[in-house]
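Q: Hi! Could you walk me through this structure?

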Amino acid sequence: MNTIMLACNAGMSTSLLVTKMQKTAEEKGIQANIFAKPVTEIELTLQEKKVDVILLGPQVKFMKKQLEAKLVGKNIPIEAIDMLHYGMMNGEKVLEQALKIIESK
């Protein structure tokens, strides 16, 4: 099972996207644990859970370099969610993005 964490300012704006991603995963028979957290809780969450990929909401993508420095040695890729897919709340495309990142790590 793949574990996908979405991170944004408060974890709220990504909640709808998480729901849409979960629905797509269920429809396609993909086993995935998908959840959203505020960007400030990434480190704490990683102490409690094994995460395969972190996707950043467009509003916090400027923090990517800073967060990458904290992930050194953890083998957890971190990428920004495509702004168009985020804006359209396209759970299918964001799920595809996450799975491609996981496959390529």
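Here is a chat about its sheet, its helices and a few residues.

Q: What kind of model is this?
A: It is a predicted model, where local features need pLDDT of at least 70, side-chain atom pairs count only at pLDDT 80 or more, and totals for chains, interfaces and linings use all residues. Residues are numbered from 1 along each chain as its sequence is written, and side-chain values use heavy atoms, with hydrogens and water left out.

Q: Okay, how many strands are in the sheet, and what is their order?
A: The open sheet has 4 strands in the order 2-1-3-4, with parallel pairing. Strands here are DSSP runs of E with at least two residues, helices are runs of H or I with at least four residues, and both are numbered from the N terminus. Two strands pair if DSSP finds at least two bridges between them.

Q: Which strands stand at the edges?
A: Strand 2 (32-38) and strand 4 (78-80) do. Each has a single partner strand, so one side of each is left without a neighbour in the sheet.

Q: And how many bridges hold the pairs together?
A: Strand 1 (residues 2-8) pairs with strand 2 over 7 bridges and with strand 3 over 4 bridges. Strand 3 and strand 4 are joined by 3 bridges.

Q: What does Ile 54 sit across from?
A: Met 5 stands opposite Ile 54 in strand 3, and in strand 4 the bridge partner of Ile 54 is Ile 78.

Q: Are the strand 3 side chains buried or exposed?
A: Val 53 and Leu 55 point one way, Ile 54 and Leu 56 point the other way, and all are buried. Buried means under 20% relative accessible area, exposed means over 50%, and partly exposed is in between (1.4 Å probe, protein chains only).

Q: Switching to helix 1, which of its residues are buried?
A: Those are Leu 17, Val 18, Met 21, Thr 24 and Ala 25. They cover an arc of only 125 degrees around the axis, which puts them on the same side of helix 1. The arc is that of the directions from the helix axis to the C-beta atoms.

Q: Why can residues a few places apart point the same way?
A: An α-helix has 3.6 residues a turn, so residues three or four places apart point the same way.

Q: What's on the other side of helix 1?
A: Lys 23, Glu 26 and Glu 27 are there, and they are exposed.

Q: So what do the buried ones pack against?
A: The buried residues of helix 1 pack against strand 1, strand 2, helix 4 (83-87) and helix 5.

Q: New topic: where is Asp 52?
A: Asp 52 is in the loop between helix 2 (42-48) and strand 3 (53-56).

Q: Is it buried or exposed there, I mean Asp 52?
A: Asp 52 is buried, because its relative accessible area is 6%.

Q: What does Asp 52 touch?
A: Leaving aside neighbours within four places in sequence, Asp 52 is in contact (heavy atoms within 4.5 Å) with Met 1, Asn 2, Thr 3, Ile 76, Pro 77, Ile 102 and Lys 105.

Q: Last one: where is Lys 65, and is it buried or exposed?
A: Lys 65 is in helix 3 (residues 64-70), and Lys 65 is exposed, with a relative accessible area of 67%.
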